[in-house]
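Good morning, and thank you for making time for this presentation. Please look at the sequence and the structure as they come up, and I shall then go through them part by part.

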Amino acid sequence: MICSFHPSLLFVFLAAAPQLKQMTVPTRVDEGSKLTVKCEATGNPLPTYRWFKDGNELKKSKKVRIKNGQKNSRVQINRARVEDSGNYTCVVENLLGKDNSTGTVHVQSSEYGDGEGAVLLSLYTPATVGPLTGGTAPSMWR
Ligand SMILES: *[C@@H]1O[C@H](CO)[C@@H](O)[C@H](O)[C@H]1NC(C)=O
Ligand SMILES: *[C@@H]1O[C@H](CO)[C@@H](O)[C@H](O)[C@H]1NC(C)=O
């Protein structure tokens, strides 16, 4: 007997539940600058993407852009504000299953000086805490 593949059989062989491969989340973003959160997934059929922020589904708007590609999706906010801080969850789903991943974004207020102010602050900080002892770096230098 000659072996032949029926299309639906081929589908069964290749079908796979979605799996998140990578999620790119900036841990810190300066207020007013661009915030991009991205996730990438595999799956067959190609999974759909949905985004949640602090448990609420994110919808496209003037401010929030959601760009879906075949293998990834990204959320983009051109001018991030402090209230855009929070937990961003990417949910991928196809008929075989779903997967999700969450990352935390912290949008930092520029209220206390960006540019020169921040540089001055970092220059003067060691002097006020005494000589550097070679311990852990101040968190603002991470
Ligand atoms: C984000 O998740 C962390 C860790 O689960 C939690 O402690 C924090 O309260 C969450 N933040 C918000 C705004 O829900
Ligand atoms: C993410 O996955 C966990 C564990 O499977 C599940 O409990 C949770 O409800 C999922 N979250 C979303 C937003 O789908």
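This is a predicted model: local features need pLDDT of at least 70, side-chain atom pairs count only at pLDDT 80 or more; totals for chains, interfaces and linings use all residues.

I begin with a term: a residue is near a molecule or strand if its C-beta atom, placed from the backbone, lies within 6 Å of it. In that sense, Asp54, Gly86, Asn87 and Thr104 surround ligand 1. Residues are numbered from 1 along each chain as its sequence is written, and chains are lettered from A and ligands numbered from 1 in the order in which they are written.

To sort the residues by class, Ala, Val, Leu, Ile, Met, Phe, Trp, Tyr, Cys and Pro count as nonpolar, Asp, Glu, Lys and Arg as charged, and the others, Gly among them, as polar. The shell of ligand 1 then holds three polar residues, one charged residue and no nonpolar ones. Around ligand 2 we find Phe52, Thr89, Val91 and Asn100. That shell has two nonpolar and two polar residues, and no charged ones.

Let me turn to the chain as a whole. Helices (H or I, at least four residues) and strands (E, at least two) are DSSP runs, numbered from the N terminus. The chain has two helices and nine strands, and along the sequence their pattern is α-β-β-β-β-β-β-β-β-β-α.

How are the strands arranged into sheets? Two strands are said to pair if DSSP finds at least two bridges between them. One open sheet has four strands in the order β1-β3-β7-β6, with antiparallel pairing. β1 (16–24) and β6 (64–68) each have a single partner strand and stand at the edges, so one side of each is left without a neighbour in the sheet. From one strand to the next, the twist averages 20°, where axes are lines fitted to C-alpha atoms, for helices over the stretch in contact, and angles run from 0 to 180 degrees between N-to-C directions.

Within this sheet, six bridges hold the antiparallel pair of β1 and β3 (residues 35–44). Ala16 has Asn44 of β3 as its bridge partner, and Leu20 stands opposite Ala41 in β3. β3 also pairs with β7 in the antiparallel sense over six bridges, with Lys38 opposite Arg74 in β7.

The other open sheet I wish to show has five strands in the order β2-β9-β8-β4-β5, and its pairing is mixed. Its edges are β2 (28–30) and β5, each with a single partner strand, so one side of each is left without a neighbour in the sheet. β4 (residues 48–53) runs antiparallel to β8 (residues 86–94), joined by six bridges, and Thr48 stands opposite Glu93 in β8. β4 is also antiparallel to β5 (residues 56–57), over two bridges, where Phe52 has Glu57 as its partner. These two strands form a hairpin with two residues between them, and Asp54 in the turn has a positive phi of about 50°.

I come now to burial. A residue is buried if 20 or more other C-beta atoms lie within 10 Å of its own, exposed if 12 or fewer, and partly exposed in between; C-beta atoms are placed from the backbone. Of the 142 residues in the chain, 15% are buried. A nonpolar core is a set of buried Ala, Val, Leu, Ile, Met, Phe, Trp, Tyr and Cys residues joined through C-beta atoms within 7 Å. The largest has 16 residues, of which Leu35, Cys90 and Val105 touch the most other members. Two or more residues come from each of β3, β4, β7 (72–77), β8 and β9 (97–108).

In β3, the covered face consists of Leu35, Val37, Cys39, Ala41 and Gly43, and the uncovered face of Thr36, Lys38, Glu40, Thr42 and Asn44. In a regular strand the side chains alternate between the two faces of the sheet.

Finally, which residues does Arg65 contact, leaving aside neighbours within four places in sequence? Contact requires that the C-beta atoms of two residues, placed from the backbone, lie within 7 Å. Arg65, in strand β6, is in contact with Lys60 and Gln76. Arg65 is partly exposed because 13 other C-beta atoms lie within 10 Å.
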